[in-house]
Structure formats: structure tokens, C-alpha cells
Amino acid sequence: MLRRVRDEETDGILRAGSLIADTVTAGGRLFAFGAGHSSLPAQDVVYRAGGLALMNLLAVPGVTGVDVMPATLGSALERVDGLAEAVLGTAPVRSGDLLVIISLSGRNALPVEMARGARARGLTVIGVTSVAYAAATKPQNPSGTFLKDHCDVVLDSKISVGDAELTADGIDAPFAPASTVVTSALMQAVMASAAGELAARGVTPPLLRSGNVDGGHDWNREVLDEYRDRIFHRQT
């Protein structure tokens with residue numbers, strides 16, 4: 001599956017990296033959002049050694065990972081109409097920013113309304129989803145559309161409907177979900193592409209270093225201070 005993504009999504013990865021570079025050079029801010037397990041690849045690019053310091057998590061209480069009890073509440077919240085508008089209306093987003101939205105199925109109200117609302121506010125939207133869902137399932141939101149229908153760039157994770165890639169005799173249900181691994185690889189590829197594009201334009205990418213190498217904390221402090229008005233995962 002990683003080979004498929006590499007071979008079939010390279011153009012999209014490069015376009016996404018270029019859009020991020022555009023946003024950085026224009027003074028915009030970068031955000032990533034995902035609900036449930038789709039939040040994990042979004043969190044993976046925030047405050048990450050080797051990653052862009054400007055990536056911020058657009059967190060929605062109750063759906064960021066599986067940190068609520070019962071865990072099924074997060075799945076229910078993804079289907080609530082109007083939640084995305086409430087989040088965007090109170091988040092530090094503005095025209096010229098960029099939002100990466102990760103949703104495996106791309107059919108629930110929250111990611112679809114998040115994409116529509118972000119674009120209406122002048123944000124660039126990159127969607128990371130499994131396009132197969134649009135062909136095999138029905139939308140679960142009032143617009144009757146999928147995440148892929150509201151993005152400037154769509155990256156297809158190639159994940160099978162149901163997010164379980166293996167079957168075996170004696171096991172009644174498919175198993176071995178792959179979406180987190182593949183989507184995280186896609187996200188890191190986009191970040192790497194953005195860094196390379198910035199360098200090609202003569203712009204030093206605002207990258208973080210590991211705090212476990214000598215000088216790492218000092219390096220990060222300087223980067224975080226320089227871009228403090230565009231970073232929301234630190235104290236002001």
C-alpha cells in the first residue's frame with residue numbers, strides 16, 4: 001500500500017507541499033484536523049522533530065483521538081451537524097491559512113462541513129481520505145457530498161472500505177487496519193515536500209530539531225520565538 005501511494009500520489013504530494021510553501025511564504029498559518037483515529041496522523045506533524053514548526057492541531061473536544069469515555073461518543077460527534085461551524089467560528093483561523101483535513105471515509109458531517117466552512121473563510125484545504133468510500137458508500141451528512149468534493153488537493157490513502165486489509169480462514173471479520181500507517185506516511189511526505197519547496201524558493205524552512213540532541217532546545221526556542229504569532233501549541 002505504501003508503494004501504491006508512492007507511485008500514484010506523488011503529484012498530489014508535490015502539489016500539497018507547494019500549497020503549504022505558498023502559505024508559509026505569504027505569512028499564513030498551518031492547521032491539521034482529524035477525528036478519532038484520523039486525528040493521530042494530524043497530531044504526528046505537530047511539534048515534531050524534523051517537522052514544520054508552524055503546523056498546529058485544530059482540536060475538536062471529544063473527537064481528538066479516543067480520549068473520551070465512552071469512546072463511541074467521538075464517533076457520534078462526527079455526525080453532529082453544525083459542530084464544524086462552531087469550531088471554525090472560535091478557532092484562530094483566517095483567510096490565507098491552510099487546513100489539512102484527514103478523514104478515512106470522508107463522509108461524515110464533521111470533516112465535510114469543516115472543509116466547506118474553511119474554504120468559505122478563504123482557507124486552502126488539503127484532504128487526505130480514501131476515495132474508495134465515495135464509490136462504495138453513501139454520504140452521512142446533509143450536503144450529500146464527501147470530503148474529496150471540497151478540497152484544493154485530495155490525497156488518496158488507497159485504504160479499503162472498512163479499514164481492515166487482511167482476511168484469513170477461521171476469522172469471520174477482516175482485520176489489520178492500515179489507515180494510520182499509510183496516512184502518517186502521506187503526511188510526512190507532504191511535510192518533506194513543503195520543506196524542499198521552501199528551500200528551492202530560497203526560504204529557510206521553519207523546522208524543529210529533536211530536544212534529545214545537543215543544542216536542540218536552543219534551536220527550537222529560536223524558531224518558536226521567531227514564528228510565535230503563527231504557532232498555537234505554545235504559551236505566549
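Guide: Contact here means heavy atoms within 4.5 Å. This is a predicted model, in which local features need pLDDT of at least 70, side-chain atom pairs count only at pLDDT 80 or more, and totals for chains, interfaces and linings use all residues. Residues are numbered from 1 along each chain as its sequence is written, and side-chain values use heavy atoms, with hydrogens and water left out.

Visitor: In what order do the strands of the sheet lie?

Guide: Strands of a sheet pair through backbone hydrogen bonds, either parallel or antiparallel. Strands (E, at least two residues) and helices (H or I, at least four) are DSSP runs numbered from the N terminus, and two strands pair if DSSP finds at least two bridges between them. Here 5 strands form an open sheet, ordered β2-β1-β3-β4-β5, with parallel pairing. Its edge strands, β2 (55–57) and β5 (153–156), each pair on one side only.

Visitor: Over how many bridges do β1 and β2 pair?

Guide: Strand β1 (residues 30–34) pairs with β2 over 3 bridges; Phe31 stands opposite Asn56 in β2.

Visitor: Which strands does helix α6 lie across?

Guide: Axes are lines fitted to C-alpha atoms, for helices over the stretch in contact, and angles run from 0 to 180 degrees between N-to-C directions. Helix α6 (residues 109–120) lies across β1, β3 and β4, at about 165° to β3.

Visitor: Is Asp163 buried or exposed?

Guide: Buried means under 20% relative accessible area, exposed over 50%, and partly exposed in between (1.4 Å probe, protein chains only). Asp163 counts as buried because its relative accessibility is 15%. Its phi is near 50°, a positive value in a residue other than glycine.
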